[in-house]
Amino acid sequence: MTGAAADYGALVRSLLRRAAAVRQPAHGTFELTSRCDLACRMCYIRRGAGEGTADAGELAASDWLELARRAAESGMVFLLLTGGEIFLRRDFFDIYEPLTRMGLVLALYTNGTLITPEVADRLARAPASRTEITLYGATAATADAVTATPGSFAAATAGIEALVSRGVPLALKTTLTRRNAHELEAMRRMAGEWGVPFSASWLLARRPDGGPSSAEECRLSAAEGLALESEDRASADDGTERALREAGAAAGENFYCRAGRAAFVVNPAGEMNVCSLLAEPAARPLQTGFAEAWARVTGYVEAAPPASAECRACDARADCGRCPAWSMLETGTLTEPAPYLCEIARGRRDRRRRG
Amino acid sequence: MRRSQDFRLQRVGGQDLLVPLGPRVKDANALIVLNAAGRQVWELLAEDRTAEELAAALARRFEADPARVLADVRSFLDDLGRKGLLEP
Ligand code: SF4
Ligand code: SF4
């Protein structure tokens, strides 16, 4: 009559697949802020930490809760809170604590630097199912260089230890760049010593708003990424992204992920979009009602043009992670090949052929 | 016995599952998936019930032999109890 799934990730993926079939908006992402206390050069989101919630045009805590209630009524069960850096919001717990009583499966993404013992105590009282902290290196020298923020490594480490010691379910992850890839194994060891799961990814996107992020300068070359992948040391994408992606839509559709079928994202200003990388169609759930906004998002995905003829005829397609969001970021269209991904896909294809 | 108030029954794509609330996430750090019979038991446990009453209700609904259903119900209740989903 019951089963507690052995593999939590596989259970969530299968639930989202079922949700996508009936267009249930089961997975929400709330980007509570785009402000961050770090200044990673490769980041696609960040605004400075100095502004307040209102100055930065962010929804108020009461708006986020209203949105969560409406989304839950429409079928949202999973909710990821992310940023920016979520703990920069002074009213974070005004949002978080009511959410923990709504029957949602919560996840948090944070850089860990603002998790003081007091914050850890409050999280431990009603933890999210999963809190994911990003590591930027295994040493202060490297991590602080990547984040361009002296002291960030020490602060993040203290935050992780505060959560580990309170039994808050935690996972660590890293985004590899040219500056920190050499510390991958040391980061994995750190996580092992804390007894916490660890994953590494290396696929870096440009900023959706076209602002400066230097993703191209920072990201690994296709060959470097493929070398890590072939040794199973890091995957291109992180787990959640993979879960959202696992093709559920009919093969060959331009959007093959859960975005706009079972998942949506709301940005700090309250606009509902297909995913974090694709800021369309900017529906307004608080103004129009949730159902209407979700209908716009699903409609946007359904009306998307098919992938380019080149992609459709491509013999590396089975190895290619191109999606409309990536096409948009790299080419300004929803359909055209993204050269960086082409290089990766062809490398995979060739490796597979060599056997 | 009856069900704990610390879990919410949710549906994702037609699949029923129980989601822990507040502090319960820590000790029940998993989603609990229910089939149709499990869901019915959970709903009945809104009120105080014995295993026999639950088995009788299920046997009626699924047209099954009450004795056999009782064994299933007992093991289901054991499982829920171990995970802290029941109150005496
Ligand atoms: S559109 Fe692309 S980036 Fe967005 S969720 Fe789908 S696969 Fe991920
Ligand atoms: S490898 Fe390039 S051309 Fe081929 S499917 Fe991917 S993006 Fe399109």
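Visitor: Which residues of H5(A) are buried?
Guide: Thr142(A), Ala143(A), Asp144(A), Val146(A) and Thr147(A). Buried means under 20% relative accessible area, with a 1.4 Å probe and protein chains only. Helices are DSSP runs of H or I with at least four residues, strands are runs of E with at least two, and both are numbered from the N terminus.

Visitor: What do they pack against?
Guide: The buried residues of H5(A) pack against H6 of chain A, where contact means heavy atoms within 4.5 Å. After H5(A) comes Ala148(A), with a positive phi near 55 degrees.

Visitor: Before we go on, what sort of model is this?
Guide: A predicted one: local features need pLDDT of at least 70, side-chain atom pairs count only at pLDDT 80 or more, and totals for chains, interfaces and linings use all residues. Residues are numbered from 1 along each chain as its sequence is written, chains are lettered from A and ligands numbered from 1 in the order in which they are written, and side-chain values use heavy atoms, leaving out hydrogens and water.

Visitor: Thanks! How many cavities of 30 Å³ or more are there?
Guide: The structure holds 4. A cavity is a set of points, on a 1 Å grid over the protein atoms alone, where a 1.4 Å probe fits but cannot get out; lining residues have an atom within 4 Å of a point. Points are joined across faces, edges and corners, and a volume is the space filled by probe spheres set on them.

Visitor: And what lines the second largest cavity?
Guide: It has 13 lining residues, with Thr134(A), Tyr136(A), Ser152(A), Phe153(A) and Ala156(A) nearest its centre. H6(A) gives the most to this lining, with 4 residues. The volume of the second largest cavity is about 70 Å³.

Visitor: New topic: what surrounds ligand 2?
Guide: Cys311(A), Cys314(A), Cys320(A), Arg322(A), Pro337(A), Ala338(A), Cys342(A), Ala345(A) and Arg346(A), each with a heavy atom within 4 Å of the ligand. Helix H15 (residues 339-354) of chain A gives the most to this shell, with 3 residues.

Visitor: Last one: where does Asn267(A) lie?
Guide: In the loop between strand S8 (263-266) and strand S9 (272-273) of chain A.

Visitor: Buried or exposed?
Guide: Asn267(A) is buried, with a relative accessible area of 13%. Leaving aside neighbours within four places in sequence, Asn267(A) is in contact with Glu31(A), Trp64(A) and Asn273(A).

Definitions and conventions
On a 1 Å grid over the protein atoms alone, a cavity is a set of points where a 1.4 Å probe fits but cannot get out, and a pocket is an open set with protein on both sides within 12 Å along at least five of seven lines; lining residues have an atom within 4 Å of a point. Buried means under 20% relative accessible area, exposed over 50%, partly exposed in between (1.4 Å probe, protein chains only).
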